[in-house]
Amino acid sequence: MSNNEKRFPLSLSAVVDQRGRQGKISTAMPQTAVKNAANNQQHTQGVRALGNRLAQDIPVPMKPVMPGVGMVSDKFRQAMVSRVAQQGVKDPLVLSALQAIQRHLFVESGLASQAYIDASLPIGHHQTISQPYIVARMAEILRNGKSLNKILEIGTGCGYQAAVLSLVAKEVYSIERIKALHELAKTNLRPMRIANIRLHYGDGMLGLPQVAPFDGIILAAAGLEVPNALLSQLTIGGRLIAPVGGRHQVLQLIERLGQHEWKSTVLEQCHFVPLHQGVI
Ligand code: SAH
């Protein structure tokens, strides 16, 4: 594995929007990002309607309206977080991380107005930024109400989930197999100056044996099974969460109970891009 470790000697506060700080298993609907992008009209109207309601509740001074600007504001992120909470995510640390990270900065500017819709969106190279609900859900399951030290994400993509995870774990390692996306994530994360993310370019199916063991491993792409290399890189008591399957996928939680003992639980349906071997 090529090992282009990059460090971000950076302060957390820079990525956290200071103004914005402050169980149940549900089913994520399978969807494709391209479809989301193409059929966004209704969603956009829904978010606008929500924005109008918020605008009625909060008196604000009249300002000239810049097209698209309101769509990336704190209010829209707050509405997104509320929807994620309504879908069953309860962990306050995860919800505040979702509120803090500005998702619109991880998609191209033409899609920024759709960033706070609960949907995956295209990021190029046939890959997607994950749906906010599933990012939150997986982080909640991984954390299980405890503090996380060192975690590993397979499939950095544009870096959004890594940024969210950086607020729920002490150290986040993330691997991406597509060089151009590894570079995109670096570009997206650099200005945010997040000190506890390490990005690697390589095949995540091999994990990061030189850094293991991890308290938590999260896969952002679906394989037909979870690679054994990753199971062996969990601490005892550690948790791995992964989408598993082809056309029909489920979220699978694997807990390492002992040196040679793992327990697997199937949670809910999901839809992710496929996990592939090797690098490009
Ligand atoms: N974490 C992302 C979602 C990324 S999409 C977010 O922030 O929303 C899934 C990513 O997994 C894609 O970028 C894809 O290239 C990557 N991927 C697939 N197989 C992989 C592998 N074996 N190793 C590393 N990355 C992989």
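Select E183 and K179: their side chains meet in a salt bridge, with N to O at 3.7 Å. A salt bridge here is a side-chain nitrogen of Lys or Arg within 4 Å of a carboxyl oxygen of Asp or Glu. This is a predicted model, in which local features need pLDDT of at least 70 and side-chain atom pairs count only at pLDDT 80 or more, while totals for chains, interfaces and linings use all residues. Residues are numbered from 1 along each chain as its sequence is written, and side-chain values use heavy atoms, with hydrogens and water left out.

**Stop 1: helix α7**

Show residues 179-189. That is helix α7, where E183 and K179 sit 4 residues apart, so about one helical turn separates them. Helices (H or I, at least four residues) and strands (E, at least two) are DSSP runs, numbered from the N terminus. E183 is partly exposed at 31% relative accessible area. K179 is partly exposed too, at 29%. Buried means under 20% relative accessible area, exposed over 50%, and partly exposed in between (1.4 Å probe, protein chains only).

**Stop 2**

Colour the strands in the order β5-β4-β3-β6-β7-β8-β9. They form an open sheet of 7 strands with mixed pairing. Go to the edges: β5 (197-201) and β9 (261-270) each pair on one side only. Two strands pair if DSSP finds at least two bridges between them. Neighbouring strands of this sheet are turned by 15 degrees against each other on average, direction ignored.

Next, select β6 (residues 214-219) with β7. The two run parallel, joined by 4 bridges. Pick I217: its bridge partner in β7 is L240.

**Stop 3: helices on the sheet**

Select α5 (residues 132-143). It lies across β3 (148-154), β6, β7, β8 and β9, and runs at about 155 degrees to β7. Return to α7, which packs on the sheet and touches β4 (169-176) and β5. The direction of α7 makes about 160 degrees with that of β5. Contact means heavy atoms within 4.5 Å. Axes are lines fitted to C-alpha atoms, for helices over the stretch in contact, and angles run from 0 to 180 degrees between N-to-C directions.

**Stop 4: charges on β7 and β8**

Which residue forms a salt bridge with R239? Select E255: the closest N and O atoms of the pair are 3.4 Å apart. R239 lies in β7 (residues 234-245) and E255 in β8 (residues 249-258), so the pair ties together parts 16 residues apart in sequence. Both R239 and E255 are buried.

E255 counts as buried at 17% relative accessibility, whereas K263 is partly exposed at 42%. Elsewhere, salt bridges that share partners join R137, E140 and E268 into one network. The salt bridge count comes to 8.

**Stop 5: the whole chain**

Zoom out and colour by pLDDT, the predictor's confidence in each residue, from 0 to 100. The protein chain averages 82, and 74% of the residues score at least 70. Select residues 1-69: pLDDT is below 50 there, and the stretch has 107 contacts in the model beyond near neighbours in sequence. Where pLDDT is low, the predicted coordinates should not be read in detail.

The protein chain has 8 helices and 9 strands. Of its 280 residues, 54% count as buried.
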